[in-house]
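Subject: Structure for you to look at

Hello,

Here is the structure I said I would pass on. Please open it alongside this note; what I found follows below.

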Amino acid sequence: MKFFIKTFGCQMNVNDSEKINHILAERGMVRTEEAEDADIVIINSCAVREKAQEKIFSFIGRLDQKQKIVVSGCVAQSEKDLIIKRNKKVDFVVGTHQFYGMNGIIDNFLLKNIKGTDTTLSKEWSESIPDVYARENRFTGFISIMEGCDNFCTYCIVPFTRGREKYRPYKNILDEAEYLAGNGFREIVLLGQNVNSWKDKKEGVSFAALLDRIAGIEKIHWIRFITSYPGYYESELIDVMKQNRNIARHIHFPVQSGSTRILKKMGRNYTREQYMKIISKFKSEIPEIKFSSDFIVGFPGETDRDFDLTLSLIEKARYNSIFSFIYSPRKHTKAAMIDDNISLEIKKERLQLLHELQKKIQLEDHWKLVGKQLEVMVTGKNPKREGELLGRTESYKIVTFPGNRKPGEFINVTIDSFGPHSLRGIEVI
Ligand code: SF4
């Protein structure tokens, strides 16, 4: 039998798809690149925005009647009834905590032509996939260290799709990191909705201590972690980063808004001032550190003054990159009950202004890099230019350069030109 997986959304979903891939490959199934060649199509869905959710429904609409269709992921978790109602073609809906049972789903439902759903959220961490699973690449290894969120930011659907926070045991994380280091992976990315709230109470280990321990594993060149919540900052993290040069000097630190008034409405438990204080502290202790962030524009009640505060925060923080979205109400959330009183026109205008400001900052910062040598990890071929490669810097900038290197190799590149979103250069031989 053949299967096809379509993944929408964040790195957590990509990692879950790798695990589903592993389960199905273990039972002798073959992965296909095209949905039409598959007997079973799995759609690993994302619910973070209305638009993302609609993409899933339109993808299902384009599928063939003869295939078995399984919807997994966040939309499966939060909208199982809607999926079944809107798509008679769907055979099984499996939530974010139950995809580990894919073998049982195939045997008990798909092969017997029975439709079904399983969206039970479990309280404990499930350790049913070995470290040695079918990963998308052989140089960057993603390790899930926690799942879920207890914050309930008023706009966010994650606590409803991924459940409450649960932490993977310390020993299991270390085993996976050691396995990756011993098998040629050069970069490790620790994954979770709130990585910095991770802890192993039984072992008495904090997130910073976990990072410190992983940084001590030989052969790991860069360690990254996503996503950090600004409300859980500890100075121990700065100390650990200072002591370990292989913890990449880049943190994704989503602020969402520059206005304390809006942050309060969003249910974020920090103020603009507290956030900026943390950024300044990191920058004073680790001058080379770079940050990226997420922003929501047009949150209900956001005034011109609030939005100006967002722009001024962007100017002050000088992010490496940002991800920005127009607010879209999500079912189940508190914010969805507030009147969405900002017109789409104003939201779009604000988004545009934010993009223009960030583009200006990136161009200024990229200009300063011309003539500098940067360490780059090769990630693959540049699909847009024959004979060119793509790589990432420690601060997660995209770099293109001519060459003939293998993915996962670390090289030095002298930057000679740039655009707003990437750098170009020549390998230093
Ligand atoms: S911290 Fe807030 S935005 Fe992030 S996952 Fe949790 S509820 Fe969602």
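Trp-222 in β13 is the bridge partner of Glu-187. Glu-187 also has a partner in another strand: it is bridged to Thr-140. Please keep in mind that this is a predicted model.

β10 covers residues 187-191. It runs parallel to β13 (residues 222-226), and 5 bridges join the two. β7 (residues 140-144) is also joined to β10 by 5 bridges, again in parallel. How much of β10 is buried? The strand is mostly covered, with 4 of its 5 residues buried.

There is also an open sheet. Its 3 strands come in the order β14-β15-β16, with parallel pairing. β14 (250-252) and β16 (321-326) have a single partner strand each, so they stand at the edges and one side of each lacks a neighbour in the sheet. From one strand to the next, the twist averages 15°. β14 pairs with β15 (residues 290-297) over 3 bridges, in the parallel sense. Within that pairing, His-250 has Lys-290 of β15 as its bridge partner.

Now the helices. Two packed helices are described by the angle between their axes and by the distance between those axes. I looked at two pairs.

Take α8 and α9 to begin with. α8 spans residues 207-215 and α9 spans residues 235-243. Their axes come within 8 Å and cross at roughly 10°. The angle is under 35 degrees, so α8 is roughly parallel to α9. α8 contributes Ala-208, Leu-211 and Asp-212 to the contact, and α9 contributes Glu-236, Leu-237 and Val-240. By type, the contact residues are 4 nonpolar, no polar and 2 charged.

Then α12 and α13. These helices take in residues 304-317 and residues 344-369, and their axes come within 10 Å, crossing at roughly 15°. That makes α12 roughly parallel to α13 as well. The crossing is right-handed. Which residues of α12 and α13 meet? On the α12 side they are Phe-307, Thr-310, Leu-311 and Ile-314. On the α13 side they are Arg-350, Leu-353, Leu-354, Leu-357 and Gln-358. This contact divides into 6 nonpolar, 2 polar and 1 charged.

Over to you.

Best wishes

Methods:
Residues are numbered from 1 along each chain as its sequence is written. This is a predicted model: local features need pLDDT of at least 70, side-chain atom pairs count only at pLDDT 80 or more; totals for chains, interfaces and linings use all residues. Axes are lines fitted to C-alpha atoms, for helices over the stretch in contact, and angles run from 0 to 180 degrees between N-to-C directions. Angles under 35 degrees count as roughly parallel, over 145 as roughly antiparallel, 65 to 115 as roughly perpendicular and the rest as oblique. A crossing is left-handed if the near helix is turned anticlockwise from the far one by less than a right angle, and right-handed if clockwise. Two residues are in contact if their C-beta atoms, placed from the backbone, lie within 7 Å. Ala, Val, Leu, Ile, Met, Phe, Trp, Tyr, Cys and Pro count as nonpolar, Asp, Glu, Lys and Arg as charged, and the others, Gly among them, as polar. A residue is buried if 20 or more other C-beta atoms lie within 10 Å of its own, exposed if 12 or fewer, and partly exposed in between; C-beta atoms are placed from the backbone. Two strands pair if DSSP finds at least two bridges between them.
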